[in-house]
Amino acid sequence: MRTPIACLVVLAASAANASAQAPLDPIKLTLPPAAAPVPALKYHLLPEVADQSPGNAALLYYKSFAPEYLSNMREKAVFQKIYEASRASPKDLVTSELRWLKGRGVMREVDRAARRAYCDWELTERIRAEGAGVLLPDVQTLREFAMILSARARLELADGETDKALYTCATGLALSRHLAEAPTVVQNLVGIAIAMIMLGNVEEVIQTSGSPNLYWALAALPRPFLDPRKGFQGEKMMLFATWPALRDAEAERLSEAQLKALEAAAEGFLTEDLRHERSEASADVKAALAERVKKALPESKRALVVAGRKAEDVDKMPPLQVVTIASLRRFAWHQDELLKWACLPYAEARPLLEAAEKNRLREQKSDPGLPIMKLMLPSAYKVCNAAARLERRIAALRGVEAVRMYQASHGGRLPVSLDALTEAPVPFDPMTNQPFVYKAEGDKATLSAPLPPGEAATGNNSLTYELTAAR
Amino acid sequence: MSGPTHDPELTALEDALVRLAPASGVNRDALMFRAGQASVRRRAWPIAAVASTLTAAGLAAVLLLRPPTVLERVVLVEPSPAPTAPQQDDSAADYLRLRDRLERESDDAPPPNPAAPALRRTIPLDALLGLPPDAVTDPWITSRKASFQSGDPL
């Protein structure tokens, strides 16, 4: 049972091939002119209601997991070729031997799933029952589908099948939104990653000669495209579902069995914390717990009395109970202090969310009590930041398409400034609520997202498109 | 107006009747009581009511006065290890570690090569049919075999 998740952890470990601390390399695009389509909403990057059929998408996603569908694609050599194709320029795939990939039945199942009316992963009850013990081995196969879809889109572009490539992009973007509807942060983050892959394919479409202008297709996407709040709500269920004994912590009087269960939960937290810190697994957890409780007891007692408990009642409580109650209350407070900022647009929330995250990190570092906050609280800042970067990329691509509209009516030339664009507006950067920065020089230009005030460029706050007018 | 009739025969009968006297030993009042008693049907309900009242009272007395009973049964208890952490600890840790990792690495970088998963062997159609490997050579069947294994249409 643990193997799939362990495998996913290993795969996720290789996920970052660029440090978030280094600014991203500019994305280079060669732009052929393209006027707005007629009618304007002719092209879609998400299946519209008219394209949908009744039913639960999850059923068809899982149908496509059949080993008979996937076995030969998982041959090591074949898999490697698909991976390379998923990142290749379409012009390098003209003679690809992977053409068979375009007609694979498995991906038609995924196409169908993406066009179902709704997607219910049926995870809420599982989380209620299993807490953080819930297993998500299916997420890895869905990531594989994103890679295969990416390869298919590029093969379709190599064969001049732009409409089919757009259909494939819509499948991938629908998959990403379906994942983001799940009540876990893990699935939300994978959904964001898949959407990013699909936007990479949209960039390939944009660079294809004769491709349609996707300004209105991008504008028609939901805003925000992915909302992580459902994932946060699912995470809020996990603490007591994983450690039911904690529900009894606030009881006036604990039975011996309740106290033992509480002790087991506390030792579980410490064990995981030791693993997290890569300490010796053989460390004496009981002794470590006793030491923590002793250290945290005075402050925990004080916190409970300040919150309204009678001092004599608190004195009668087992020390572990006092420390647990104080740790739980601290966790609950910080949880909402963090997650409340996710309810605001990112540009408004960013400095406050970042401050709350820093405060949480500082608190959990100095907190002598149980490491509940450290282990159970997701990083709302990082998740919201990832979702906001996706929004930023969609907005920036709208800007790029506005530039292509200008080119179409100006002999292929790039505009000297964004003020020259009259065909369609360039949106503000959703991460900062500031205008994108555009600089042109001859047949080259850059469209950059503004940095948040006072920040140096990193992989998490920068985005630049380097544009070249196609000859 | 006519007077009483003095028919000699009737007069004789009258005299005879007058001379008749009731048999001794018949008590009129007792006779009437017995007649009334015989005219009323006997009913069983009073007896039943009394009987059930007495039964209920008896059972209540038994219930209140009986000695406490002790039910005994044999329960086999497997020796269990001392409680340490909940059973789902390991998988919970898996989820939390994965979440941490994804949070740390949620950057704009394109996703990595998800290293090819271990090849999962599928059961060949031949084996499913109980035939030796590659025993099926008929083109019609082999085309369906290929379709079955790849999931692609014929």
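**View 1. Packing of helix α5 (residues 105–114) of chain A against helix α8 (residues 162–180) of chain A in a predicted model.** The two helices pack at an angle of about 60°, and their axes lie 9 Å apart. Axes are lines fitted to C-alpha atoms, for helices over the stretch in contact, with angles from 0 to 180 degrees between N-to-C directions; helices (H or I, at least four residues) are DSSP runs numbered from the N terminus. α5(A) and α8(A) are therefore oblique to each other, a class left after roughly parallel (under 35 degrees), roughly antiparallel (over 145) and roughly perpendicular (65 to 115).

**View 2. Residues at the contact of α5(A) with α8(A).** From α5(A), the contact involves Val110(A), Asp111(A), Ala113(A) and Ala114(A); from α8(A), it involves Tyr167(A), Thr171(A), Ala174(A) and His178(A). Contact means heavy atoms within 4.5 Å. Five of these residues are nonpolar, two polar and one charged (Ala, Val, Leu, Ile, Met, Phe, Trp, Tyr, Cys and Pro count as nonpolar, Asp, Glu, Lys and Arg as charged, the others, Gly among them, as polar).

**View 3. Confidence along chain B.** The mean pLDDT (the predictor's confidence in each residue, from 0 to 100) of chain B is 67, and 46% of the residues score at least 70. In residues 147–154 of chain B the pLDDT is below 50, with 25 contacts in the model beyond near neighbours in sequence. Where pLDDT is low, predicted coordinates should not be read in detail. The model has an ipTM of 0.77 and a pTM of 0.76.

**Conventions.** Residues are numbered from 1 along each chain as its sequence is written, and chains are lettered from A and ligands numbered from 1 in the order written. Local features need pLDDT of at least 70, side-chain atom pairs count only at pLDDT 80 or more, totals for chains, interfaces and linings use all residues, and side-chain values use heavy atoms, leaving out hydrogens and water.
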